[in-house]
Amino acid sequence: MKLRRRQRERLSLGLQYLVFIAIIAAVLIAADWDRLADAFFRVDIIKSMFPTIITVALRNTILYTLGAFAFGLVFGTILALMRLSRVAPYRWVATAYIELFRGLPALLVLFLVGYGIPIAFPEREIPGGVFGSIAIGLGLTAAAYMAETIRAGIQAVPKGQMEAARTLGMSHFTAMRTIVVPQAFRIVIPPLTNELILLTKDSSLAYVLGVTAQTIEITKFGRDMLNDRVNATPLLVAGLAYLVITLPLSQVVRRLELRYAKAR
């Protein structure tokens, strides 16, 4: 009996579901759950991590992320405007910076900020101590990516907006500040939120600056607990702590993207 096209599609879909379920069942049956529980789900270790992982590690991770994002957003906006400037040297400097810092690992930039600046300027300190060093180190790299995102957002604003503003007697700077840039930021909110998620994970690089018990972040806290207890449970808990931050942000990105798609 020859099946119709829709029947074949349903049969194919059903077989794919069966294969998927069979693979999952095989993995669950073959896994040694006793050893997994002992290696990753030690309740006594999980209890010992609280409340420090929330009150110190998670709090510091959020602070480092927000600090780096704020620095990167401000600096990235300046770079984007320089990239679009009619003054050639501004464009050259912004382009060189963006290409350089997008090509450098964030770990290297953080190391150079944390140790290079104090060596170059021994009589000066970075404001904020470790927090300031991490915010600037991660923010310098983030600014290079944000600059390109913001530049694309500015260029996505219809040129008629600028022309109408200039017709009303506004200067180029005033039109950019009050008309173009606010609209550009509405366009780039979803990708900027993605950058915030990436910065949350990049905050795990803070260990390179030698954080203390009061400035420790989630990954370093989990790694120290791993070395102390010789068990992988702390890393699992650390991963869940990151998800507490990143999953809500991912949902915000999806909602913003849907809203922007409907608005268009």
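Visitor: At what angle do helix 4 and helix 9 pack, and how far apart are their axes?

Guide: Axes are lines fitted to C-alpha atoms, for helices over the stretch in contact, and angles run from 0 to 180 degrees between N-to-C directions. Helices are DSSP runs (H or I, at least four residues), numbered from the N terminus. Here helix 4 (residues 52-83) packs against helix 9 (residues 172-202) at about 140°, with the axes 11 Å apart. The model is predicted: local features need pLDDT of at least 70, side-chain atom pairs count only at pLDDT 80 or more, and totals for chains, interfaces and linings use all residues. Residues are numbered from 1 along each chain as its sequence is written, and side-chain values use heavy atoms, leaving out hydrogens and water.

Visitor: Which residues in helix 4 and helix 9 meet?

Guide: Contact means heavy atoms within 4.5 Å. From helix 4, Thr61, Thr65, Ala68, Phe69, Leu73, Thr77 and Leu81 meet Met176, Val181, Phe185, Leu192, Leu196, Leu199 and Thr200 of helix 9.

Visitor: How many aromatic pairs does the structure hold?

Guide: Rings of Phe, Tyr and Trp (its six-membered ring) pair if their centres lie within 6.5 Å; planes under 30 degrees apart count as stacked, over 60 as edge-to-face and the rest as tilted. There are 5 such pairs. One of them, Tyr97 with Phe101, is stacked, at 4.2 Å centre to centre and 25° between the planes.

Visitor: Are Tyr97 and Phe101 buried or exposed?

Guide: Buried means under 20% relative accessible area, exposed over 50%, partly exposed in between (1.4 Å probe, protein chains only). Tyr97 has 13% relative accessibility, so Tyr97 counts as buried; Phe101, at 14%, also counts as buried. Phe71, Phe75, Tyr97 and Phe101 form one aromatic cluster.

Key. Helix = DSSP H or I, 4+ residues; strand = E, 2+ residues; numbered from the N terminus.
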